[in-house]
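Here is a short briefing for a first look. Keep the model open as you read.

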Amino acid sequence: MNTVNDGSTEKMTVNQKLELLRTKMKERGMDAYMVPTADFHESEYVGDHFKCRQFLTGFTGSAGIAVVTMKEACLWVDGRYFVQAAVQLQGTSVKMMKMGQEGVPSVAGYLEAEVPENGCLGFDGRVVNALTGIDLEKRLKEKNARILCSDDLINEIWEDRPALSMEPTWALHEKYAGKTAEEKLKELRAEMKKEHTDMYVLTSLDDIAWLLNIRGNDIAYNPVVLSYVIVTEDKLYLFVNEEVLHGEAYPYMDNYHDIDMLKYLEDLGTEILPYDDIYKMATDITGHKILMEKQHINYALYNILKDKNELVDKMNPTSDAKAVKNKVEIENEKKAHIKDGVAVTRFIYWLKHHIGKERLTEMSVQDKLEEFRKEQEGYIEPSFATISAYGANAAMCHYSATKESDTVLEDHGFYLVDSGGQYYEGTTDITRTIALGELTEEEKEHFTLVLISMLRLKEVKFLYGCRGLSLDYVAREPFWSRGLNFDHGTGHGVGYLLNVHERPNGIRFRMVPERHDNGVLEAGMITSDEPGLYIEGSHGIRTENLILCVKDEKNQYGQFMKFEFLTFVPVDKDAVVKELMTERDIALLNAYHKEVFEKISPYMDDQEKEWLRKATAPI
């Protein structure tokens, strides 16, 4: 019944919370109230303070949107969470809405239909982006319905709500960042001038961390700091809880933890203001031409700024800049991937030698992989929630093992692990599908097709100006020619000791405008190469390496580009059907494995090295 801590609203049932919320809605004349899974910064992951949708509905998945009206409560979830939501919503009055399914309206479509004439929709405008808010405005205008976005009603009923995270902040040394914050600010101001703007409002946390060369621990997996930034031609305002600028954070390298963060920021010309004062300052900003991005600024802040200023809506220039890694970042990323390659290779060796000999579960082997990563110098934390999936569980491509679902690994079939690490030298992301014993012919065929796809995409040569949309067919052709497909992007951009999902680079076959991941592929961009194949109720396979875009030859046709592998971990040859591969495919695999052995074997003990020699031997 979703009851926990005594003496608080946590002890209340979901249905009781809903009725309490409706009481608050009625007091304000609201006909519907929307509760997304979001913080004030449009972050992919959110801290405990922002888990309002989870508090209200009892659903613990990482994504979902709740809408409460006077007559019903609905929760929109995507395909990752249909099973989980069905279980967790049992015994409540919350109705699950399966996103993308026939007959299921979108959240906006539902609100357009359910909010009555002259009615009122409410939400906390700080957790809804401006684009979404503007769209809802337009939809409700014909009904003469209004939006109230100033009330956080969940806060009014959540008595024991966790406080905002205030983890210590630290500065990223130039030997890791490759460029000073002063240089980045100078380049940013040049971009502002190009757009004829005199102010830049930045709220996305990875952009702020990159711009100022700071990192923190306010959000799981993303080493960022809860903050806002305003940049003018000669001033820099940082809105942050000052408490985070004092004290120890991570065991930093090179004694860089001795830096005085206040002095570091003041030397950048920074005026430090309380976190929530961004809204107070925004009310006083008048007559400026402001560069900002509607999709990455919250609706509340946008509403304050829009009436008294001219807003220039453009993708944050910091997003383009941080996607192109500089020479120092690239060299560091190569070091990080050797460390990560050692950890994952040792894990595969361990798993191959322990399967069938002791009880192993999805969660226990996931923990073992984390142990191997922790042995690497400079390792900080995972870069995202690990996907550890055995057998049919891997057919759910975003499966997450829980105490309820934790499955025992057996000495047959496939085990898939998609994981990554945050290192001082960068961010990693790798998927390997491992044969634990006997496989079916179909499993082997599918594994080989995925491998062929991954190798061929890395090997493409293309003229500068191409986008991921141009290249995706190289990865899909082995599947499409057989009437198969995988229903996710082939690749996403990856940050440097930042978010594992980063725009504007990506590889997919169809446009998804809101993702902004169809940018021109530039030298220095890091992208994942991760085709897969998922057979419901049977198996799931994905093989993922990170690839670095670099310049190739330049001739009368223009500048050609290519990719280099950053990831060096063996691919399980036990699942490969050589007969399905062309001579070129075989040569690509053998060349990759030769490089894996050369780079990883020096860090292996004698037994591991001998196993790796066989695991990477030519086929």
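Methionine 261 is buried, with a relative accessible area of 5%. Its place is in helix H10, which covers residues 261-267. The model is a predicted one.

**Methionine 261 and its surroundings**

- Leaving out residues up to four places away in sequence, methionine 261 touches Thr169, Trp170, Ala171, Ile214 and Leu245.
- One of these contacts, tryptophan 170, is 91 residues from methionine 261 along the chain.

**Threonine 361**

- Threonine 361 is found in a loop. This loop runs between helix H14 (327-354) and helix H15 (362-374).
- Is threonine 361 buried or exposed? Its relative accessibility is 6%, so threonine 361 counts as buried, the cut-off for buried being under 20%.
- Threonine 361 touches Asp406, Thr407, Val408 and Leu409, with residues up to four places away in sequence not counted.
- Serine 319 is 42 residues from threonine 361 along the chain. Their C-alpha atoms are separated by 39 Å.

**Confidence**

- The pLDDT averages 94 over the chain. A score of at least 70 is reached by 96% of the residues.
- Residues 1-7 have a pLDDT below 50. Beyond near neighbours in sequence, this stretch has 20 contacts in the model.
- Residues 249-256 also have a pLDDT below 50. Here the model shows 22 contacts beyond near neighbours in sequence.

**Salt bridges**

- How many salt bridges does the structure hold? The count is 46.
- Arginine 346 and glutamate 608 meet through their side chains in a salt bridge, at 3.0 Å from N to O. Arginine 346 lies in helix H14 and glutamate 608 in helix H19 (residues 606-615), so this pair ties together parts that are 262 residues apart in sequence.
- Glutamate 608 is buried, at a relative accessible area of 5%.
- Aspartate 472 forms a salt bridge with arginine 476. The closest N and O atoms are 2.8 Å apart.
- Aspartate 472 and arginine 476 are 4 residues apart in helix H17 (residues 468-480), so about one helical turn separates them. Both aspartate 472 and arginine 476 are buried.
- Glutamate 187 pairs with lysine 179 in a salt bridge, with 3.1 Å between the closest N and O atoms.
- Glutamate 187 is partly exposed, with a relative accessible area of 38%. Lysine 179 is partly exposed too, with a value of 22%.
- A network of salt bridges links Lys24, Glu27, Arg28, Asp151 and Glu156.

**Cavities**

- Rolling a probe the size of a water molecule over the atoms shows where empty space is left.
- The structure holds 3 cavities of 30 Å³ or more. The largest cavity has a volume of about 110 Å³.
- There are 14 residues lining the largest cavity. Val35, Cys52, Asp124, Val127 and Asp152 are the closest to its centre.
- Which strand gives the largest share of the lining of the largest cavity? It is strand S1 (residues 32-35), with 3 residues.
- The lining of the largest cavity has 11 nonpolar residues, no polar ones and 3 charged ones.

**Backbone details**

- Arginine 503 and proline 504 are joined by a cis peptide bond, with omega at about 10 degrees. Proline 504 has its place in strand S23 (residues 502-507).
- Glutamate 42 has a phi near 60 degrees, a positive value in a residue other than glycine. This glutamate 42 sits in the loop between S1 and helix H2 (52-57). Its relative accessibility is 27%, so glutamate 42 counts as partly exposed.
- Tyrosine 221 has a positive phi as well, near 75 degrees, and is a residue other than glycine. Tyrosine 221 lies in the loop between strand S9 (214-215) and strand S10 (227-232). Its relative accessible area is 24%, so tyrosine 221 is partly exposed.

Methods. Residues are numbered from 1 along each chain as its sequence is written. This is a predicted model: local features need pLDDT of at least 70, side-chain atom pairs count only at pLDDT 80 or more; totals for chains, interfaces and linings use all residues. Side-chain values use heavy atoms; hydrogens and water are left out. Helices (H or I, at least four residues) and strands (E, at least two) are DSSP runs, numbered from the N terminus. Buried means under 20% relative accessible area, exposed over 50%, partly exposed in between (1.4 Å probe, protein chains only). Contact means heavy atoms within 4.5 Å. A salt bridge is a side-chain nitrogen of Lys or Arg within 4 Å of a carboxyl oxygen of Asp or Glu. On a 1 Å grid over the protein atoms alone, a cavity is a set of points where a 1.4 Å probe fits but cannot get out, and a pocket is an open set with protein on both sides within 12 Å along at least five of seven lines; lining residues have an atom within 4 Å of a point. Grid points are joined across faces, edges and corners, and a volume is the space filled by probe spheres set on the points. Ala, Val, Leu, Ile, Met, Phe, Trp, Tyr, Cys and Pro count as nonpolar, Asp, Glu, Lys and Arg as charged, and the others, Gly among them, as polar. pLDDT is the predictor's confidence in each residue, from 0 to 100.
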